[in-house]
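This report describes selected features of the structure shown below.

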Amino acid sequence: MALDLYAEDIVSHYEHPHNAGVMKDADASFHNYNASCGDDITIYLKLDKDKITDIKFKGTGCAVSVASASMLTDFAKGKSLKDVEGMNVKTIIGIIGIDPGPARLKCATLSLRTLKEAVFLYEHKEADRETKAL
Amino acid sequence: MKQDNMHETFDVERIRSDFPILSTKMNGKPLVYLDNAATSQKPNQVIESISNYYRTYNANIHRGIYAIAVEATDAYVDSKVKLAKLVNAKGMEEIIYTRNTTEAINIVALGWGGANIKQGDHILITQMEHHSNLVPWMLLARRNGAVLDYVKLDESKSMLDMQSLEEQLENEPKIVAVTHVSNVLGTINDVKHITRKAHDHGAVVLVDGAQSAPHMQVDVQDIGCDFFTLSSHKMLGPTGIGALYGKFDILDKMDPVLSGGDMIKSVTFSDVTWNDLPWKFEAGTPDIAGGIGFGAAIDYLNGIGMKSIRDHEKKITKYALEKLSGIKHLKTYGLGKEDLERRGGVISFSIDKVHPHDVSQVFDSEGIAIRAGHHCAMPLVEEILGESAVSRISFYLYNKESEVDRAAQAVELVKKTFKVG
Ligand SMILES: Cc1ncc(COP(=O)(O)O)c(C=O)c1O
């Protein structure tokens with residue numbers, strides 16, 4: 001059961017993450033850290049009005065967190081800020097195609113939380129409770 | 001003489017049969033429990049002693065005149081007498097029960113430290129400490145305007161640098177707090193030597209025995225330390241109980257940290273007289289069941305013998321280090337198999353390119369419990385070992401070589417899954 005987490009696409013996203021790297025002229029960015037695992041991620045956004053035209057992430061972490069970031073950044077490209085605000089745990093589980101279970105959920109949601117915080121920060125809004133609980 | 005004739009052999013299977021959890025499964029595979037540095041499993045004898053207390057003589061201690069209250073009090077006090085003997089304290093007056101090691105260290109930082117650490121004083125700890133022997137001192141230093149210094153690790157990144165100790169002692173620290181055994185590296189520090197040096201400089205010494213007391217003979221008088229701390233849950237006993245050993249004269253002079261019922265001798269509307277040791281430090285109803293369960297755990301350990309436990313762990317640690325050192329793309333931390341006298345049964349490791357959380361996830365799928373992370377020693381793992389996290393295997397008396405073999409197989413599965421090598 002647990003080994004499903006390492007389905008081929010998760011491992012391959014981990015080995016060759018999409019959208020990896022720093023964006024120098026980002027319109028919005030956010031850095032986050034998961035103290036219990038030492039996972040570390042920064043997400044960068046390029047925006048055209050309220051639309052995400054480009055997205056990158058940089059960080060270190062386990063396969064689950066890196067693969068989630070890789071798939072989430074693919075998914076978020078072209079989405080609106082409003083779309084991002086509406087994303088939640090279900091969104092990320094849908095994207096990675098597997099429920100990582102309670103012990104690893106935080107690894108899977110770290111990138112989503114970071115993306116949402118980048119958006120909230122850009123909009124000068126306080127992150128909502130749902131985001132902080134990710 | 002009698003013992004020599006008996007020629008007891010260490011029977012792992014017989015020991016294992018006392019631990020019900022060891023015959024359960026995890027994820028459909030027989031459980032291999034290799035996270036003993038986090039907490040140990042509990043034998044039937046301990047589990048039954050607790051349920052027996054609740055079933056047959058549950059009563060509050062100290063206050064009752066009736067038979068079961070006396071019985072409960074006796075059992076709780078008896079547990080302290082046993083622990084005093086186990087670590088060779090002079091008597092149970094020197095044994096204060098706490099929730100765990102962390103609380104024991106906090107009592108010293110707040111009680112002794114609060115009264116004795118002044119502006120500009122130095123507090124000396126080491127780079128090898130668990131957060132529980134680091135954060136309370138950092139907080140104390142901040143609160144009282146003191147300076148927190150660290151004894152460095154030497155080039156091996158496994159042992160304390162004795163030169164660094166000498167240098168730091170020149171600052172005349174008021175207290176030196178050091179772990180007996182590292183929960184990340186497994187290194188056994190020469191706490192007797194460190195204590196002697198620290199005493200030469202007039203410092204008080206605390207030894208964190210959370211990882212030593214469960215695995216080897218400890219003699220606090222021989223070490224000479226002023227305080228020694230441990231946790232029951234790491235030595236076959238229940239969670240919720242641990243101990244602070246302190247030399248009688250120091251404890252006697254210290255003010256209590258928590259106050260309320262049971263810790264006083266008399267109270268008027270304007271004054272209070274503290275109770276005798278050790279009760280002065282145990283405000284309110286303690287974890288009675290925990291104390292009783294801890295007593296049963298000590299009986300169990302004594303039944304096997306701390307020396308036999310240590311010998312067994314040395315053997316299995318050697319076996320594991322040999323096995324792991326033969327695996328490509330795997331790196332272990334801490335002293336090697338030539339240094340078994342100076343290392344306990346804790347082996348941290350990492351596998352190239354694979355995050356420790358992914359390692360323990362694969363282990364989990366194979367029914368093997370190991371830990372991944374910074375092991376509550378973030379500065380050591382990040383700043384000294386240069387890793388954001390490491391994986392850790394840690395042994396106890398019930399582990400056997402075939403379990404090491406299963407762990408080694410799980411390493412191969414990790415490598416296959418992540419295409420390492
Ligand atoms: C060396 C060391 N000190 C202190 C502690 C803290 O023990 P507890 O959590 O029981 O307070 C631990 C436990 O992980 C430890 O390994």
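How many Å separate an oxygen atom of the ligand from an N or O atom in the side chain of Thr102(B)? The distance is 2.5 Å. The model is predicted, so that local features need pLDDT of at least 70 and side-chain atom pairs pLDDT 80 or more, whereas totals for chains, interfaces and linings use all residues. Residues are numbered from 1 along each chain as its sequence is written, chains are lettered from A and ligands numbered from 1 in the order of writing, and side-chain values use heavy atoms, without hydrogens or water.

**Ligand site**

The ligand is surrounded by 13 residues (a heavy atom within 4 Å). Among the closest are Gln211(B) and Lys234(B).

| Residue | Ligand atom | Distance |
|---|---|---|
| Thr102(B) | oxygen | 2.5 Å |
| Asp208(B) | nitrogen | 2.5 Å |
| Ser231(B) | oxygen | 2.6 Å |

On its own the ligand has 390 Å² of accessible area, of which the protein covers 88% (Shrake-Rupley method, 1.4 Å probe).

**Sheet and helices of chain A**

Chain A holds an open sheet of 3 strands in the order 1-2-3, with antiparallel pairing. Strands are DSSP runs of E with at least two residues, and helices are runs of H or I with at least four, numbered from the N terminus; two strands pair if DSSP finds at least two bridges between them. Strand 1 (28-34) and strand 3 (51-60) of chain A are the edge strands, each pairing on one side only. Strand 1 and strand 2 (residues 39-48) of chain A are joined over 7 bridges, and Tyr33(A) is opposite Asp40(A) of strand 2.

Helix 2 (residues 63-76) of chain A packs on this sheet, touching strand 2 and strand 3 of chain A (contact: heavy atoms within 4.5 Å).

His13(A) belongs to helix 1 (residues 8-15) of chain A. His13(A) is buried, at a relative accessible area of 12% (buried is under 20%, exposed over 50%, partly exposed in between; 1.4 Å probe, protein chains only). Its side chain makes a polar contact of 2.6 Å with that of Ser70(A); such a contact is a pair of N or O atoms within 3.5 Å, and within protein one must be able to donate a hydrogen and the other to accept it, while residues adjacent in sequence count only if both atoms are side-chain atoms.

In chain B, helix 13 (residues 356-365) is mostly covered, with 9 of its 10 residues buried. Just after helix 13 of chain B, Gly367(B) has a positive phi of about 80°.

Definitions and conventions:
Axes are lines fitted to C-alpha atoms, for helices over the stretch in contact, and angles run from 0 to 180 degrees between N-to-C directions.
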